[in-house]
Amino acid sequence: MPITPVSPSLPGTDTPSAPVRLGLIALATDLTLEHDLAQLLPDTTRLHVTRLAFVNPTTPENLRAMAPGIAAAADLLVPGIDLAAIGFGCTSGAVVIGDAAIDAAIALVRPGVPVCTPARAAVQGFRHLGITRIALLTPYVAQTTAPVAEYFAQAGLEVVNTHGLNMEDDRDIARLTPAALRAAARHADHPRAEALFVACTSTPVMALIPVLETALGKPVLSSNQALGWAMLAAAGIEGRGPGQLFAPFAGAA
């Protein structure tokens with residue numbers, strides 16, 4: 001029986017109904033980030049994810065070892081399709097590799113696309129809120145927490161207290177319970193801190209942010225919340241999410 005081919009009519013990629021597409025480079029071992037970002041994105045957006053090889057423990061040496069694979073990972077993000085922004089999904093990795101190096105690696109394959117990293121996004125968030133003094137909570141071992149604290153200090157923020165949970169495996173970090181995170185946040189907070197930052201894209205804290213802000217009486221930013229906020233801003237989209245960072249839409253996610 002003869003078959004008559006029929007070519008369907010497809011809408012253009014620049015039509016008003018076309019979704020805004022965002023890219024994400026997540027670590028191979030991250031169990032948290034994709035779910036968190038999905039909570040922040042409106043129906044008019046699509047998130048496209050690639051994975052970057054990583055070997056635990058989360059030491060500075062292992063984090064730096066990811067650098068040669070960044071461009072290749074970014075190159076796998078829906079080739080030939082425009083992206084409004086790309087998020088690099090590792091807080092400590094971006095800190096030890098350096099924002100500029102990550103920007104340059106991604107620009108090799110995706111020139112002109114804005115790149116967001118979690119710590120840089122948090123700095124932008126604190127400036128947006130008028131915050132100059134922060135407390136820092138990380139799940140990391142001490143040698144990984146130290147450069148994260150230094151990153152914020154170099155960005156002009158006073159880090160008045162730092163608390164690390166001494167965890168080596170980001171798969172274990174993803175299993176932290178709400179009770180453990182609430183206790184850790186109380187321990188990390190400081191009377192002089194105007195806000196708290198909870199690091200690591202594996203930390204399952206984003207849904208707890210409204211509760212923590214009420215308990216501590218100050219803004220709380222997390223890696224995933226800040227990264228999503230910055231990616232949406234780079235794409236020109238008004239976001240809705242938890243916490244004062246997304247005010248006046250706090251708690252909407």
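Analyst: One term before we start: two strands pair if DSSP finds at least two bridges between them. Also, this is a predicted model.

User: OK. In what order do the four strands of the open sheet come?
Analyst: The order is S2-S1-S3-S4. The pairing is parallel.

User: Which strands stand at the edges?
Analyst: Strand S2 (45–52) and strand S4 (115–116). Each has a single partner strand, so one side of each is left without a neighbour in the sheet.

User: And what packs on that sheet?
Analyst: Helix H1, residues 33–40, packs on it. H1 touches S1, S2 and strand S3 (85–89). The direction of H1 makes about 165° with that of S2.

User: How many bridges join S1 to S2?
Analyst: Eight. S1 covers residues 20–27, and the two strands run parallel. Across that pair, Ala-26 stands opposite Arg-51 in S2.

User: Switching topic. What about S5 and S6?
Analyst: Strand S5 (residues 133–138) and strand S6 (residues 158–164) also pair in the parallel sense, over six bridges. In this pair, Leu-137 stands opposite His-163 in S6.

User: Which residues make the contact?
Analyst: From H1, they are Leu-33, Asp-36, Leu-37 and Leu-40. H11 brings Asn-224, Gln-225, Leu-227, Gly-228, Met-231 and Leu-232. By class, the contact has six nonpolar, three polar and one charged residues.

User: Last one. How do H9 and H10 pack?
Analyst: Helix H9 (residues 178–188) and helix H10 (residues 209–216) pack at about 40°, and their axes are 11 Å apart. That makes H9 oblique to H10. H9 passes H10 in a right-handed crossing.

User: Which residues meet there?
Analyst: Arg-182, Ala-185 and Arg-186 in H9 meet Val-211, Leu-212 and Leu-216 in H10. That contact has four nonpolar residues, two charged and no polar ones.

Methods. Residues numbered from 1 in each chain as written. Predicted model: local features only at pLDDT ≥ 70, side-chain atom pairs only at ≥ 80, totals over all residues. Heavy atoms only, no water. Contact = heavy atoms within 4.5 Å. Axes fitted to C-alpha atoms, helices over the stretch in contact; angles between N-to-C directions. Parallel < 35°, antiparallel > 145°, perpendicular 65-115°, else oblique. Left-handed = near helix turned anticlockwise from the far one by under 90°. Nonpolar A, V, L, I, M, F, W, Y, C, P; charged D, E, K, R; others polar.
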